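Biologist: I would like to go through the terms used for this model one by one. Please set each value against its definition.

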Amino acid sequence: MSNEADQEKLLARWLSGELSEAEKELLSKEKGLDDLRFALDDLEGWKVPELNVSEGLKDLHSRIDKQAPPKETKQVFFQPWMRIAASIVLIGAVYALFNTLLTSGPTVVDAGFGETISHVLPDGSRVDLDANSSISYSAKSWDDERTIDLTGRALFTVESGNSFTVGTDEGSVTVLGTIFDVNQRDPGKLAVSVFEGLVRVDIADQQEMLKAGEGLSATDGIISRLSVSGQGPGWLSQSINIENMPLSDVIIILEDYYGIDVVVPARIASDPFKGILDYSSLEAALETLAMVYDMSYSRNGEKVVFE
C-alpha cells in the first residue's frame, strides 16, 4: 500500500473497528506500518486510573486551608459622650413632635355631672361651664379668630377685642365685649340671656340683637323674647328663681345636672313650679319637690321615682 492517504484510511477504520480480515492481512504485510501497529496494540492496554472521591475531597480541603485567612472585621464603638449626645437629640426630636401634636389640636374643657368649671381663655375672657357641658376652641389661632363650640350651657365674660363667637348646633352668638349666658342642652332648643353689653344671635336665617337685660328662647326656629334680671345666671350658685316652669322642665334641670333619671306621675308633670330651687344638693332638691307637690320618693342608684 504505497499511497499514504490509503494507509491513513485503513488506520482510521482499524481504530473504529470496521477493518475486515482481508484488510488486516494487507496492513500486516506493510512493513512501514510496524511502529504504528505496535503503538495501537499498546493503546489497547492503557487503563484510566480509578477516581478516589474521598482522597480528592481531602486534597481540596487542604488547598483551601492553605489560602490566606480573611481580613479581620473591625467593630467601631461610639464614645460614651457620643451616645449621650445622640440620646439627647432623639429625645428632643420626640418631644418636639409630641408637643406639635398636642398644640395643633383643639383645647377641650368638660364639666362632669354635678360640677361647674371656670376656664380662662387665651385673651383673658372667662367661661363658666355648667354641669354636663363642654367647650372646644383652637388656642393656636385664638388671636386671629375667637370662636368657641359649646355643648350644654355656659356663662361667657368676654374681654373687648375682635369678634367673639359661640357656636352651637342650633345657632351662633356673636359679641364684641359682654357677659351672656348660652344654653343649648336640648336638641332644637337654644336660650340666650345677656347681662352686660350687646350680642347678636343667628338662628337659621334669622338674626336677633340682644342688649343687657334681654334674652330669647328658641324652639325649632321659633323665637320668643324674654326679660333677664340679676347680674348673672342662678345656676352659678346651683340655685334658680323659677317663675311658673312646668315640673317636667324642673326635672330636666336635675337630670342634666346630676346625670340621673327622675320619674314623676303624669298627672302633675305639667303643673307649674314657682319659687327658688336650690340644687347644690340633690337630696335637698328632691325634698323640696316632694314637699311642694305633697309626694314621696324612692331612689335606687341613678333612678328616682316620685309617687
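Biologist: Which residues lie nearest the centre of the largest pocket, and how many residues line the pocket?

Modeller: The largest pocket is lined by 40 residues, and R153, N183, A191, I240 and M245 lie nearest its centre. The model is predicted, so to speak of local features pLDDT must be at least 70, and side-chain atom pairs count only at pLDDT 80 or more, while totals for chains, interfaces and linings use all residues. Residues are numbered from 1 along each chain as its sequence is written, and side-chain values use heavy atoms, with hydrogens and water left out.

Biologist: What makes a space a pocket and not a cavity?

Modeller: On a 1 Å grid over the protein atoms alone, a cavity is a set of points where a 1.4 Å probe fits but cannot get out, whereas a pocket is an open set with protein on both sides within 12 Å along at least five of seven lines. A lining residue has an atom within 4 Å of a point.

Biologist: Which strand gives the most to that lining?

Modeller: Strand 14 does, with 8 residues. Strands are DSSP runs of E, at least two residues, and helices are runs of H or I, at least four, numbered from the N terminus. Strand 14 covers 239-246, and helix 6 (247-258) also gives two or more residues to the lining.

Biologist: What is called the largest nonpolar core, and which residues have the most contacts inside it?

Modeller: A nonpolar core is a set of buried Ala, Val, Leu, Ile, Met, Phe, Trp, Tyr and Cys residues joined through side-chain atoms within 4.5 Å. Buried means under 20% relative accessible area, exposed over 50%, partly exposed in between (1.4 Å probe, protein chains only). The largest core has 30 residues, and L247, Y279, L289 and F306 have the most contacts inside it. Helix 6 provides the largest share, 6 residues.

Biologist: Which residues is L289 in contact with, leaving aside its neighbours within four places in sequence?

Modeller: Contact means heavy atoms within 4.5 Å. By that rule L289 is in contact with L247, V250, I251, L254, F273, M295 and F306.

Biologist: Why are the buried residues of helix 7 said to line one face?

Modeller: Those buried residues are L282, A285, L286, L289 and A290. Seen down the axis of helix 7, they fall within an arc of 135°, so they line one face of the helix. The arc is that of the directions from the helix axis to the C-beta atoms. The buried residues of helix 7 pack against helix 6, strand 16, strand 17 and strand 18.
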